[in-house]
Every structure is written in structure tokens, then in C-alpha cells.
Amino acid sequence: MIARAANAVWRRVYARYVMASAVALCADIGLFLTLLRVDMSPVIASTIGYIVGLGVHWLISSRLVFTDQAARGTAQRTKQKMLFIISALVGLAITGAIVGFATARGLDPRLAKLCAIFASFQTTYMLRRSIVFV
């Protein structure tokens, strides 16, 4: 019974996280594609898009996804923000590495970014669920 209830809660949180990620991804990809159109380096464009998406994701995650786990006190909230940023840096490293590696080998930057999205999504979710919002 308890396991079933915990599983249901996990699925709701994960579903909200997926939706938050979709909104953040729209901001990320929209900016990434815009910067590619002005001939910015794919790695730099990908990084800038990721950072903007990160800001969007923090706002949604801390207010709508992990509402019960979001810290209320100033010191706790600051610590949580720092952990969120660290998790994002891990995702950013994954994203930059994949986009850089793939485009250096001739893959279209948009396809490289898509591959990076899938790889970094699960990693950042697990970090945020198990370390940031506990």
C-alpha cells in the first residue's frame, strides 16, 4: 500500500518535471536555433540556450514541480539553488560534450543537440530528485 502510494506520487512529480522540462526546452531550443541563424558557434549557442533554459527550469521546478521539497528559509533556499546549479552544470557538461563531439564529426548541430537533450535530461532529473529537492 505504501509502495503503491509512493509510486503514484513519484509518477506525478515526474510528469510535472517532464512538463517543466518541455517548457524550459522550448526556451533553450528557441534561443539555440536563433543563435545558429546568426552564425554563432554551435557549442556556444547550445551553452547559452541551456543557461536560459536552466533559469526557466528553476522557476518552474521550485514553484510547481518539487513544491513540497522546495526550501523555505533563506539559507536553505540558497543551498538548494547552488545544488540546482551544480546539477545544471553536470547537464551542461554533458550537452557541450555531446554537441562538440558530434558536430566535430560532421553531425548536424540540431541533431547533436537533440541527442544531448536525452542524455542530460535523465541525469539532471535524478540529481534533482535525489540531491537538490530532498
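Me: How far does helix 3 reach from its first C-alpha to its last, and what is expected at 1.5 Å a residue?

Reply: Helix 3, residues 74–104, has 31 residues and reaches 44 Å between those two atoms, close to the 45 Å expected, where the expected span is 1.5 Å times one less than the number of residues. Bear in mind that this is a predicted model, in which local features need pLDDT of at least 70 and side-chain atom pairs count only at pLDDT 80 or more, while totals for chains, interfaces and linings use all residues. Residues are numbered from 1 along each chain as its sequence is written, and side-chain values use heavy atoms, with hydrogens and water left out.

Me: What comes just after helix 3?

Reply: G106 follows, and this residue takes a positive phi of about 95 degrees.

Me: OK, zooming out: how many helices and strands does the protein chain have?

Reply: There are four helices and zero strands, so the order from the N terminus is α-α-α-α, with helices (H or I, at least four residues) and strands (E, at least two) taken as DSSP runs and numbered from the N terminus. Along the principal axes, the C-alpha atoms of the chain fill a box of roughly 50 × 35 × 20 Å.

Me: And how much of the chain counts as buried?

Reply: Of its 134 residues, 34% count as buried, meaning under 20% relative accessible area with a 1.4 Å probe and protein chains only.

Me: Which residues of helix 3 are buried, then?

Reply: The buried positions of helix 3 are R77, Q80, F84, S87, A88, G91, L92, T95, V99 and A102.

Me: What do those buried residues pack against?

Reply: They pack against helix 2 and helix 4, judged by contact, which is heavy atoms within 4.5 Å. For the protein chain, residues 24 or more positions apart account for 71% of the contacts with a separation of 6 or more.

Me: Switching to K113: is it buried or exposed?

Reply: K113 sits in helix 4, residues 109–132, and is buried, with a relative accessible area of 2%.

Me: What does the side chain of K113 make a polar contact with?

Reply: The partner is the side chain of D28, at 3.0 Å; a polar contact is a pair of N or O atoms within 3.5 Å, and within protein one must be able to donate a hydrogen and the other to accept it, with residues adjacent in sequence counting only if both atoms are side-chain atoms.

Me: Which other residues is K113 in contact with, leaving aside its neighbours within four places in sequence?

Reply: Besides D28, K113 is in contact with I29, F32, S46, Y50, T95 and V99, and T95 and V99 are among the buried residues of helix 3.

Methods
Buried < 20%, exposed > 50% of the residue type's maximum accessible area, 1.4 Å probe, protein only.
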